[in-house]
Amino acid sequence: MRLLIIGAGFAGMYAALSSARLREIQGVSPDNLEIALIAPKPTLVVRPRLYEPKPETLTAPLLDVLKAIDVDYIQGSAETIDIKAQTVQITTPKGTRKTLSYDRLVVATGSRLFRPNIPGLAEHGFSVDSLDDAIALDKHLHGLADRPAVNGRDTVVVAGGGFTGIEAATELPARLRGIFGKESRTRVIIVERNSAIAPDMGEGPRPLIEDALRKLGVEIRLGAGVASLDKSGVTLSTGEHIETETVVWAAGIRAAPLTAQIPAERDNFGRLLVDRDLRVPGVQGVFATGDAARAACDDEGNYALMSCQHATRMGAFAGNNAAAELLGVPTKPYHQKAYVTCLDLGEAGALFTRGWERKVEMVGDIAKKTKQEINTVWIYPPKAERAAALASADPERVTDL
Ligand SMILES: Cc1cc2nc3c(=O)[nH]c(=O)nc-3n(C[C@H](O)[C@H](O)[C@H](O)COP(=O)(O)OP(=O)(O)OC[C@H]3O[C@@H](n4cnc5c(N)ncnc54)[C@H](O)[C@@H]3O)c2cc1C
């Protein structure tokens, strides 16, 4: 029997760990239940940190931990899923095509930035969405330091005033000073279509976010969209033109394109609708998880967000359940009651909220300490030590905040 997992993000990593954990608990050998993970690289990209400087350092190796738990790593990109034949066709880095069969498949291909068809965005826009994007932005910013401080060199426009846009923007004043020099007069401007900053964060945290932006000197343009970009800068839907050489697009993500091949219902983000076991209904043997899936978290109408916190736990449930079906043991319905947000606010600290109503629990330095611990410890893969790695993947305990 073979369980295939596509994707080495937070969801894929925990699907591998939890399926291997259940296999071990059931006393089944890797020869009888083969678990394999397909991804272009055997590394976890620590996406939630990609707004930070030195993005090239923000990956963690996975080969040793996969080896320790007897999960095979298959290098490649999944190109086609044949749900009738139960096969996945992959392309290896050398361009070779391979077909792999599965008895159960976990689609954990995550998400990627959605770039709308705005004139100039493809040529002039940057982002902090993928490792390559974040490295390109960092290189660009360092490259600007060799140019004269004119024509908006020291201005960065961040398009999107949601979670990612705020984290990117609040990190930038210090980051730019580090590159252009302490005396530089940098400007960071967030452009947000809605009439309020952080539209999803609600009334409680918003004044604290606004206060942090004020302290950092980050400007805001509300009720304005990006109309076009060119070499001279960005033009907003209000007609305002801002001179800048750097526009960071942070306005929306979609599930990775592979999900479109599965003939099932999807939401507006392209996420596959899944049942409580994270199975794709009507598609034999296929589970979806993390940012690739839309799953109910509880019985109160809350759904998992495209977040690391949800992806990690959903990964653990999906892997466990895919293995459970093959091993003939009961599955465990996914549930995730606790929901917190920890928003980095750069030199203004951070903000920690609990619950779907986002009750503020910590601000400033204390919240910042928590954010640093989340970002440098909690979200990294477990050590490559078999017993500890398997123990870390009990679905009921993963991301139990
Ligand atoms: C700047 C930024 C800040 C963020 N901050 C936070 C935060 O503070 N808190 C939070 O909870 N979340 C945050 N997030 C969101 C979080 O990073 C994602 O929700 C999370 O990464 C989703 O995990 P995932 O495993 O589903 O997908 P991903 O992490 O996207 O991983 C997907 C994996 O699938 C692989 N893959 C994709 N397609 C294929 C294919 N065809 N074949 C093989 N492999 C494939 C990819 O290479 C990758 O390994 C942030 C994201 C960004 C970009």
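Let's start at a turn: strands β7 and β8 form a hairpin with five residues between them, and in that turn Gly95 has a positive phi of about 90 degrees. Keep in mind as we go that this is a predicted model.

One of the pairings to look for is Thr91, whose bridge partner in β8 is Arg97.

Now turn to the other neighbour of β7. Strand β6 (residues 77-82) also runs antiparallel to β7, and five bridges join them. Here Ala78 has Ile90 as its bridge partner in β7. β6 and β7 form a hairpin too, with four residues between them, and Gln86 in that turn has a positive phi of about 55 degrees.

What does this mean for β7 itself? Buried here stands for under 20% relative accessible area. Four of the five residues of β7 (residues 87-91) are buried, so the strand is largely enclosed by the rest of the structure.

Where does α5 kink? The kink, of about 40 degrees, lies at Leu172, shortly before the proline Pro173.

Burial is a theme for this helix as well: 13 of the 18 residues of α5 are buried, so α5 is largely enclosed by the rest of the structure. After the helix comes Gly181, with a positive phi near 105 degrees.

Note on methods. Residues are numbered from 1 along each chain as its sequence is written. This is a predicted model: local features need pLDDT of at least 70, side-chain atom pairs count only at pLDDT 80 or more; totals for chains, interfaces and linings use all residues. Side-chain values use heavy atoms; hydrogens and water are left out. Buried means under 20% relative accessible area, exposed over 50%, partly exposed in between (1.4 Å probe, protein chains only). Helices (H or I, at least four residues) and strands (E, at least two) are DSSP runs, numbered from the N terminus. Two strands pair if DSSP finds at least two bridges between them. The bend at a residue is the angle between axes fitted to the seven residues ending there and the seven starting there.
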